[in-house]
Amino acid sequence: MEEKDLPKKKQHYVPQVYLRGFSPEYEPMNKSDLPSEKYTIFSFDIEKRAYDSTEAVPIQSICYKKKLYEIYGTDEQIIFPNCLENYFCALEKMYGSYRTELERKIHKENIGVPNFLTTKERVFWVTFIAIHLLRNAYALSEAEAAIKDLANADVSDKEIKSVVRKFCLPFFQEINENSTDTKILEGILAPMYNMQFTVGVDFDNNLITSDKGVSIIGKEFPTDEYDEVIFPITSAICLIMTGNENKDVYQENTLFQLTESGKKHIATNVILDAYKRIYSNHRFSVQEKKFIKEVAAERFIIDKRGI
């Protein structure tokens, strides 16, 4: 096997291109010529209430696992090496392009303009969100644990891993809407189909994200429609989708400037929905740390998330 065909050892479950949007080195619309390995981010452990490092850490050093997306055959050898990794690489290039196009429209003159996002953009963002959730290492581990509880004792961990990737990430063959392989993906996508879109902007560039990246809010799961979907795209931009009775909260498909309460709402849900860490382009102030501590305490009291 040639070196280019060998499985990539570090496979990132939160895309580096996504996290770069929350880096202190990030410049919108690809203005920077900075090499990707030079981008950093502040990584804050919610449970420990502390940073992983006194300084910002390299983005390439976080949110990855070795051979996370590889599939194994009956002989427990890897088959189709880098298949999923190559798919995600192509998707991430598209993400960079769509993010740039969105950034070009983010300016004060466009506040309140109707039909802010095109149909093509909306289709891309909901698809990216669904895959973003399914590819996460924590989500895959939870699925593996669930299958392991049901499987025979002689089923190997590699077999379980392969089954989970086949059904959670059905990109090894052409996607057929009637295929059982796509049911999980469709289950996450379908509730977003009729939700309203709006885009919030923070001109101070202080929005945060997490090792999950997307917050799905609802009263019960599964559901026909989520109450809200919050997806911070960069430290300045957040896609907000609303459903059910929340559809009246924002004006449909417009750009709006986030208020302090709006930014707090986003931060609250990012913290509540994070697996273990939140990420930012700045060190948190004393007031921000106090807020994080208060919200993090609620993680042990309530659980309104199902994805």
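Guide: Helices (H or I, at least four residues) and strands (E, at least two) are DSSP runs, numbered from the N terminus. The model is predicted, so local features need pLDDT of at least 70 and side-chain atom pairs count only at pLDDT 80 or more, while totals for chains, interfaces and linings use all residues. Residues are numbered from 1 along each chain as its sequence is written, and side-chain values use heavy atoms, with hydrogens and water left out.

Among the 20 residues of its lining, Glu260, Lys264, Ala267, Glu288 and Phe291 are the closest to the centre. A pocket is an open set of points on a 1 Å grid over the protein atoms alone, where a 1.4 Å probe fits, with protein on both sides within 12 Å along at least five of seven lines; lining residues have an atom within 4 Å of a point.

The largest share, seven residues, belongs to α7. By class, the lining comprises eight nonpolar, four polar and eight charged residues. Here Ala, Val, Leu, Ile, Met, Phe, Trp, Tyr, Cys and Pro count as nonpolar, Asp, Glu, Lys and Arg as charged, and the others, Gly among them, as polar.

The two lining helices also pack against each other: the axes of α7 and α8 are 9 Å apart, at an angle of about 50°. Axes are lines fitted to C-alpha atoms over the stretch in contact, and angles run from 0 to 180 degrees between N-to-C directions. The pair α7 and α8 is therefore oblique, a term for angles that are not under 35 degrees (roughly parallel), over 145 (roughly antiparallel) or 65 to 115 (roughly perpendicular). The crossing of α7 past α8 is right-handed; that is, the near helix is turned clockwise from the far one by less than a right angle, whereas anticlockwise is left-handed.

Other helix pairs may be described in the same terms. Helix α4 (residues 137–150) packs with helix α5 (residues 157–168) at about 120°, the axes being 9 Å apart. The angle makes α4 oblique to α5. The crossing of α4 past α5 is right-handed. Leu140, Ala143, Glu144, Ile147 and Lys148 of α4 meet Asp157, Ile160, Lys161, Val163, Val164, Arg165 and Cys168 of α5. This contact of α4 with α5 has seven nonpolar, five charged and no polar residues.

Helix α2 (residues 83–104) and helix α3 (residues 119–134) have axes 11 Å apart, at an angle of about 135°. Hence α2 and α3 are oblique to each other, and α2 passes α3 in a left-handed crossing. The contact includes Tyr87, Phe88 and Leu91 of α2 together with Phe124, Trp125 and Phe128 of α3. By class, the contact of α2 with α3 has eleven nonpolar, no polar and three charged residues.

Note on methods:
Contact means heavy atoms within 4.5 Å.
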